[in-house]
Amino acid sequence: MQKVKITNNFLETVKVGEEIGKKIKKGTIFALHGNLGSGKTTFVQGLARGLKIDKKIISPTFIIVRKYELPATRQAPQPRDFYHIDLYRVESENDIKGLGLEEILNYPTNIVAIEWPEKIEKLLPKTKTDLFFEYLQDDKRSIKII
Ligand code: ADP
Ligand code: MG
């Protein structure tokens with residue numbers, strides 16, 4: 001089912017991420033599409049909050065991949081990891097060699113949020129949640145969830 005959310009400020013986008021983060025039970029891949037400044041990293045901060053990660057989410061633009069361990073919960077007692085991947089600076093396959101992206105994406109309990117997922121189209125699993133972020137005006141953004 002497709003949903004569109006309009007957010008009117010930074011915190012509302014955090015909240016959208018947080019609500020989704022709270023509901024994740026198994027591993028999930030989130031492909032976050034949209035231009036610079038459209039709110040992808042802000043959404044990931046919310047996701048992390050919903051997953052009860054208390055470390056600050058720092059954009060992985062320069063290092064590409066950041067890993068966060070998830071606390072076990074009653075609903076999800078198995079150890080899981082959350083990966084925040086930002087492919088903005090990736091220009092060729094060479095840039096992602098050795099990062100183990102394929103393994104990260106295929107490990108069943110991993111929760112992964114990827115900015116600029118188009119850059120690794122071939123590696124993306126079929127089962128994923130696509131979110132399309134759009135700058136509307138000033139502090140207004142739209143988030144389409146597919
Ligand atoms: P991206 O990762 O898509 O490049 P960021 O989340 O890093 O985008 O940046 C979004 C910027 O826009 C931040 O500076 C944030 O404070 C600002 N902003 C203003 N309004 C919103 C909103 N409704 N949702 C998300 N970010 C917003
Ligand atoms: Mg970003």
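Q: What should I know before I start reading?
A: Residues are numbered from 1 along each chain as its sequence is written, while chains are lettered from A and ligands numbered from 1 in the order in which they are written. This is a predicted model, where local features need pLDDT of at least 70, side-chain atom pairs count only at pLDDT 80 or more, and totals for chains, interfaces and linings use all residues; side-chain values use heavy atoms, with hydrogens and water left out.

Q: In which sense does strand E6 pair with E2, and in which with E7?
A: Two strands pair if DSSP finds at least two bridges between them. Helices (H or I, at least four residues) and strands (E, at least two) are DSSP runs, numbered from the N terminus. Here E2 (residues 28-33) and E6 (residues 129-137) run parallel, with 4 bridges; Ala31 has Asp130 of E6 as its bridge partner. With E7 (residues 140-145), E6 pairs in the antiparallel sense over 6 bridges, and Tyr135 stands opposite Arg141 of E7.

Q: Which residues are closest to ligand 1?
A: A residue counts as near a molecule if one of its heavy atoms lies within 4 Å of it. For ligand 1 there are 15 surrounding residues, and the closest are Thr13, Gly37, Lys40, Thr42 and Asp139. Helix H1 (10-23) and helix H2 (40-50) each supply at least two residues of this shell, with the largest share, 3 residues, coming from H2.

Q: What polar contacts does ligand 1 have?
A: A polar contact is a pair of N or O atoms within 3.5 Å; within protein, one must be able to donate a hydrogen and the other to accept it, and residues adjacent in sequence count only if both atoms are side-chain atoms. A polar side-chain atom of Thr7 sits 3.0 Å from a nitrogen atom of ligand 1. For Gly37, a backbone N or O atom is 2.7 Å from an oxygen atom of the ligand. Arg141, the residue opposite Tyr135, places a polar side-chain atom 3.0 Å from an oxygen atom of ligand 1.

Q: Which residues hold the magnesium ion, ligand 2?
A: Donors are N, O and S atoms within 2.8 Å of the metal (3.2 Å for Na, K and Ca); water is not among the atoms, so sites may look incomplete. In this model, Thr41 (OG1) and Glu115 (OE) coordinate the ion at 2.1 to 2.2 Å. Thr41 belongs to helix H2 and Glu115 to strand E5 (residues 111-115), so the pair ties together parts that are 74 residues apart in sequence.

Q: Are Thr41 and Glu115 buried or exposed?
A: Buried means under 20% relative accessible area, exposed over 50%, and partly exposed in between (1.4 Å probe, protein chains only). Thr41 and Glu115 are both buried.
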